[in-house]
Amino acid sequence: MKLFVPSGFLILTLALAPTVSLADPVNTAPNNALTVQKALRMLQDQGYYDFKKIKLEQDEDEIEVEARNKVGHKVEIELDLYTGQILTIEHD
């Protein structure tokens, strides 16, 4: 017994099949949070540079960044994840 399936039917079936949306494991920040790129740009505009460690702390609503300040000292900066406001600066 042969089964005949018109090719148009197969294409239509595939076109109507539900698509699976995969989450991006790299970008897991909430929609209204700052992106890492925007946060670094904000810090750069304030004179920080040489960004080393960048850590997104969603449970604390913070972005932690290790960088150098205007005079070249190593600092660890904590930014508010939503506003970009600097919360703390620790000097190493």
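**Ground rules.** I number residues from 1 along each chain as its sequence is written, and I use heavy atoms for side-chain values, leaving out hydrogens and water. Because the model is predicted, local features need pLDDT of at least 70 and side-chain atom pairs count only at pLDDT 80 or more, while totals for chains, interfaces and linings use all residues.

**Helix 2.** I looked up which residues of helix 2 are buried (under 20% relative accessible area, with exposed being over 50% and partly exposed in between, for a 1.4 Å probe and protein chains only), and found Ala39, Leu40 and Leu43. They lie on the same side of helix 2, because they cover an arc of only 95° around the axis, the arc being that of the directions from the helix axis to the C-beta atoms. The face turned away from this buried side carries the exposed residues Gln37, Gln44 and Asp45. Helices (H or I, at least four residues) and strands (E, at least two) are DSSP runs, numbered from the N terminus.

**Core.** Of its 13 residues, Ala39, Leu43, Tyr48, Ile63, Val65, Ile77 and Leu79 touch the most other members. Helix 2 (36–45), strand 2 and strand 3 (74–80) are the elements that give two or more residues to this core.

Definitions and conventions: Core = buried A, V, L, I, M, F, W, Y, C linked by side-chain atoms within 4.5 Å.
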